[in-house]
Every structure is written in C-alpha cells, then in structure tokens.
Amino acid sequence: MKSYQQTLDFLFSQLPMYQRQGAAAMKKNLDNILALCEVLGNPQNKFKSIHIAGTNGKGSVTHILASILQKSGLKVGCYTSPHYKDFRERIKINANFIPEQHIIDFVEKNKALILKIQPSFFEITVAMAFEYFANEKVDIAIIETGLGGRLDSTNIITPLLSIITNISKDHTQFLGDTLEEITFEKAGIIKNKIPVIIGKKQKKTKQVFSEKALQTNSELFYANSIVKVQKFKSVFGKRTSFALKHKGKSITLETDLIGNYQQENIQTAIAALFYLKKKNILKIKKKHLFNGLKNIQKDSYFIGRNMLLSTKPLTIADSAHNVAGIKELVTQINAIPFKKLHFVYGTVSDKDVATIFTLLPKEAQYYFCKPDIIRGMEVDSLESIAKDFNFDFQSYHSVKEALATAQNNANEKDIIIIGGSIFVVAEVI
C-alpha cells in the first residue's frame, strides 16, 4: 500500500511538470488526455460544466461562480491550477479537497496506464479531476484552463457555457507574440453551438472572437451587455461594496474580495449566471448572490490574490505575475496610504522582467529572492536587470529570508508586498 506522500512523489518526480520544467513539459495536442479519459470511461461527459479561459481573472471568476452556486444548493466541482500549498487544492467539491485516499487509489489503479501513455503532470491531474467529479455526481463543475485553451488538457469537455475573462501578453513562447495570436489560442475553448461570454471588450481581440463564434455557430456576449457592476469601492482591511445593475434595476452587494480588478471578474461571473438563469439552466436568486459573494475566500477556498497576511505592518501577498496583473497590483498599492513600501519579489525564468520592472514603483525597498523551484529566476539575473532601473534592493537565498528581513525593517506605517510569482506567494501562505 502506497502512502499519500509516496503517491505525490511519483506524480511530481515521474511526470513532466510545467512548473518544474517549463516548455519541456508542454504537449502540442490532446492525444494523451483523450487516451487517458477513454480508458477511464470518458468521465468528462458525465457531468455538467462551465469552462473558463483568459490571461488574468480565471481563478477569481471560477471561485466567484463556485461560491454563488454552492449557496444555491448545488454540489459544485472546481478544477484550478496550479496549487499553492496542497496538491489537493486543484480538485475540490464545495471547497472540500479531494481525499488523499482517492488520489492514492487513482494512481495505483492507473499506474500501468500512466507508465504506458507517459502523460504530463497536468494531464493526469485533469483526468483525475474528471473521474472524481463524475464519480461524486457533481451538479456542475467549474473547469479552469491551465494555459491557453485550444490545446489545454481541459479542452475535451463540452460545457454549458464558455467564459473568456480577458487577454494580455503572457506565456508568449507558447501562445504567440501578439494579442490576436493569444486570443486565437484562448478562443479555442469555444465549442460548436455552445454560448460564450467574454469578460472584457478589447479592440484587438474582438474580431478573433467574432470569427470563432461564427465558425462554431455559437452565441457570443460581452459581460457588460448582460449586467453592470458599478460604484465599486475596494479597500484593504475592509469589505468591498458595489452596485449591480441589471435590466434597469440596481442592488447593493458586498464581498470579501479585495482589488479594483475584481470589478471586472465579478461582472463576468454574474453575467454568466444571469445568462444561464435566463436559459432556465440554473436557478439563481438574489439571496444566493448576497450569500455567495460575502465570503468567497472561505466558502470556495480561494487564496493567493490580494491576501491580507498582517495589518501591522500591512502585509499583502498577491500572485500577479504578468504585465496586466502587475499593473492592477500597482494601482492597488498606490491607493493605500503608507510611509514606505517593502517589496519581496521573485519570479520564474521565462518572464519578461525588464518590462515588469518598468511598471513597479521606484520608491521602494526591494528584497529579491528565488522561489524554490527549478524554473525560479536566479537572484543575480534579477540584480543585473534591476541595476538599469536604479532600484534600491538586496538579494536573499530564500523567500523566507527575504520576508523575514522585510518584516524586521518595516515599521507599523509601512507596507509589505509579496509577489512576482505564484510560487513566491505559495512559500509564505
């Protein structure tokens, strides 16, 4: 009998893993996931789903939907990636992690198949999630793509609805150098006659989406044509309030999600729910919105975005790692009164750090560190780039050491930000 840790060691060490290896772990087709699921009895066809792609906001929209749908009385599966602290974060039902024993049994039962097909780490976790959701007879599953969409392993489902949050430049080595090329990959989740909701209207992406919807005979809607989130007031340490306008009526709601960028994500998620309600696919009432939005982090186990770790000094961990995400984070920082900014920063080797550094505040003390993964960018690389920006920085052997130094240096009126990569955030939460 294998232990849970032995099972994880097998998954992490034997299977190609993007977080560890980068491009070498990427597959350019859906052959492996199709072969895996075929042997498993095609579990992806045995539950209803909503499929979500996009550059930023996928995780937020996934958990907003999950929390509201749970409050409507549904059994809701949730597949997200990557994980922060626990592998089981990837596969949840009503915020409860997949049991350790299920993971052990799945791997033991399918070990010969795994060794034969040689799937990636992501492919095996997707297959595991699909089988789990089918076995547990979820009412609906919210499935988040890992990277891109067209060739993403999750893209073998036929959902009730596709959602694409927004498009910006990230993972250009896989998805293309232009917004149009990246949009083409994300739009790959749009299926024949399956409606799609786009979270953000962007000039350079509009035609690509329209052409794909036309090819697939799919209804296409922009979120703001269904519902509008207005009067959005978000402050660290307090709850976020906003007005929801729909069909000429307006109601005031509040949520525990912090960050002005959540306005777009909430609007996208609620637009999706209202569309499915209009089609009599889901029954969503006002009370479900109220209750579902109140405590999304706790009710859906949503971590890693604008996480408040301490109030004295104000300490926030945020996994924004690309240009669009960093812009939003800096906007949020600038809205906070503080005496001095301490920024614990680390990233991975395939990021365009020079561009990101043009966005980061110049008046700050930086604490550079390497996240504890092979793909982590070495601190001397960060140093050489930072010198061109005249940053005030020091480098440290670990994220833990960098944060401890920042905490020692900061006083109660300062602010500490921890970010640059999901893997840096993972080490502190």
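## Exercises on rings and a pocket

The charged end of K111 sits over the ring of F10, at 4.7 Å from the ring centre. The model is predicted.

**Exercise 1.** Find which ring K201 lies over, and at what distance from the ring centre.

Solution. Start from K201 and look for the ring it faces: K201 lies over the face of Y222. The distance to the ring centre is 5.0 Å.

**Exercise 2.** Classify the aromatic pair formed by Y345 and F368, and state where each residue lies in the chain.

Solution. Step one: a search of the whole structure finds 22 aromatic pairs. Y345 and F368 form one of these pairs, with 6.3 Å from centre to centre and 70° between the planes. Step two: planes over 60 degrees apart count as edge-to-face, so the pair of Y345 and F368 is edge-to-face. Step three: Y345 belongs to strand β14 (residues 341–345) and F368 to strand β15 (residues 365–368), 23 residues apart. Step four: both Y345 and F368 are buried. Step five: Y345 and F368 belong to one aromatic cluster, along with F343, F357, Y366, F389, F391 and F393.

**Exercise 3.** Describe the lining of the second largest pocket.

Solution. First, the volume of the second largest pocket is about 550 Å³. Next, 18 residues line this pocket, and I226, H246, K247, F274 and K277 lie nearest its centre. Two or more lining residues come from each of β10 (240–246), β11 (249–255), α11 (262–278) and α12 (286–294). Of the elements, α11 gives the most, with four residues. Last, sort the lining by type: eight residues are nonpolar, three polar and seven charged.

Definitions and conventions
Residues numbered from 1 in each chain as written. Predicted model: local features only at pLDDT ≥ 70, side-chain atom pairs only at ≥ 80, totals over all residues. Heavy atoms only, no water. 1 Å grid on protein atoms, 1.4 Å probe; cavity = no way out; pocket = protein on both sides within 12 Å on 5 of 7 lines; lining within 4 Å. Points joined across faces, edges and corners; volume = space filled by probe spheres on them. Nonpolar A, V, L, I, M, F, W, Y, C, P; charged D, E, K, R; others polar. Phe/Tyr/Trp six-rings, centres within 6.5 Å; stacked < 30°, edge-to-face > 60°. Buried < 20%, exposed > 50% of the residue type's maximum accessible area, 1.4 Å probe, protein only. Lys NZ or Arg CZ within 6 Å of the ring centre and 35° of its normal.
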